[in-house]
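Please look at the sequence and the model first, then read the notes by topic.

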Amino acid sequence: METSLKRRRLLKAALMGAALPTVVNALSGCRGNPTADRCELLGCALSSDGTFAVVGADRTGQPVFRLPLPARGHGVAAQRRTVGTLGVAFARRPGDFMQVFDYQRGVTLSQVTASSDRYFYGHGAISDDGQWLYTTEGKRQTSEGVVGVYRLSARGQVEKVREISGFGVGPHEIALADANTLVVGVGGMHTDGRTVLNIDSMSPALVYIDIESGEVVERAELANKKLSIRHLMVSEDGYVVTGQQYHGQDNAPLVAIHRRGEPMKMLNATPEQWARFNNYVASIATLNGWVVATSPRGNCYGIWSLDSQNMIGLHPLVDASGASRDGDVINLSSGGGKMVTLDSAHHLDYQMTPVRWDNHWITLV
């Protein structure tokens with residue numbers, strides 16, 4: 001199970017002590033005029049007072065705006081700047097809302113509530129032309145996976161036009177593999193709330209879906225069926241990197257790479273290194289032949305070389321959360337407020353932000 005809110009609070013209190021209220025209170029509103037600083041990063045955030053938000057920040061991680069959410073958020077999607085300024089925050093699974101906002105003006109535009117027989121599963125993706133939103137959802141009684149296809153209006157109104165199903169149970173992160181194809185991490189988990197009911201019969205997979213027909217055009221699986229495929233990213237070169245959650249009793253490799261038409265390949269690390277991840281990977285980013293993956297449960301992030309497929313670095317970071325590429329750097333966030341920047345020369349830069357970031361964030365493009 002992902003890091004619980006209770007665990008996050010206890011961990012931050014232990015490591016940050018009396019400074020925590022100051023960090024949280026600094027995020028009580030916008031830093032002056034929401035449009036005075038350019039929003040470059042988007043992510044959901046936690047507060048010590050039990051409230052939740054989606055936060056827009058500048059390149060240094062300093063908040064530009066904070067918009068309240070009705071419950072804990074998870075993933076965020078956004079239009080490209082060339083076509084619009086809409087963002088969408090998704091409820092943590094199994095959730096019942098997604099919230100549309102304008103990231104340029106820092107204002108909420110609409111909120112969509114899941115139908116009585118559906119859950120939102122924490123992630124979504126927006127088409128390159130900005131007109132279509134694709135979400136991962138599940139049927140409440142069976143956890144059967146659904147991709148919701150929504151039309152986005154320029155004013156932030158959302159209309160569901162169809163659903164895609166029949167590809168698996170318990171989908172999580174979704175992305176555009178190309179203009180015509182979705183790629184979905186299907187976790188294989190049937191859950192009651194957040195309790196997994198089918199560990200011994202899970203069937204996780206990475207599936208590619210033709211958007212127009214809704215048909216699965218490719219399906220890739222891992223040999224270990226207790227490795228739930230959860231998170232993913234599509235590189236600029238078109239391959240997909242996935243992060244897994246392991247439901248076994250020991251430890252297992254948690255990061256894999258997939259190229260269309262080939263089997264999935266696990267990236268390499270020692271058993272002791274994999275143990276540091278505490279069986280869970282949250283966010284993934286790539287840069288110039290690197291793969292970087294975070295683990296909030298393990299309080300660490302790892303770096304791999306794609307050439308050798310071996311781990312080349314393992315670093316501590318309390319509640320390591322979001323990972324996103326910004327040009328020639330990768331930015332990492334944390335639930336403790338620390339931001340880490342890695343550049344292509346392997347230099348690391350650290351700074352504090354007044355935001356307790358949740359598991360994911362994105363860089364606006």
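The model is predicted. It shows a protein chain of 365 residues, with three helices and 30 strands.

**Overall build**
- Along the principal axes, the C-alpha atoms of the protein chain fill a box of roughly 50 × 45 × 35 Å.
- The radius of gyration of the protein chain is 19 Å, which agrees with a compact globule, because a globule with 365 residues would have a value near 21 Å.
- Buried residues make up 58% of the 365 in the protein chain.
- Taking contacts between residues at least 6 apart in sequence, 50% join residues at least 24 apart.

**Surface and charge**
- The protein chain has an accessible surface of about 14100 Å².
- Carbon and sulfur atoms account for 48% of that accessible surface.
- The protein chain carries 35 positive and 35 negative charges.
- The mean positions of these positive and negative charges lie 6 Å apart.

- Strand β24 covers residues 300-305, and strand β25 covers residues 311-316.
- The two strands pair in the antiparallel sense, over five bridges.
- Y301 has H315, in β25, as its bridge partner.
- Five residues sit between the strands of this hairpin.
- In the hairpin, Q309 takes a positive phi near 65°.
- In a regular strand, side chains alternate between the two faces of the sheet.

Terms used: Residues are numbered from 1 along each chain as its sequence is written. This is a predicted model: local features need pLDDT of at least 70, side-chain atom pairs count only at pLDDT 80 or more; totals for chains, interfaces and linings use all residues. Side-chain values use heavy atoms; hydrogens and water are left out. Helices (H or I, at least four residues) and strands (E, at least two) are DSSP runs, numbered from the N terminus. The radius of gyration is taken over C-alpha atoms; the globule rule is 2.2 Å times the number of residues to the power 0.38. Buried means under 20% relative accessible area, exposed over 50%, partly exposed in between (1.4 Å probe, protein chains only). Contact means heavy atoms within 4.5 Å. Accessible areas come from the Shrake-Rupley method with a 1.4 Å probe; for residues, only the protein chains shown count as cover. Lys and Arg count as positive and Asp and Glu as negative; His and the chain ends are not counted. The place of a charge is taken as NZ of Lys, CZ of Arg, CG of Asp or CD of Glu. Two strands pair if DSSP finds at least two bridges between them.
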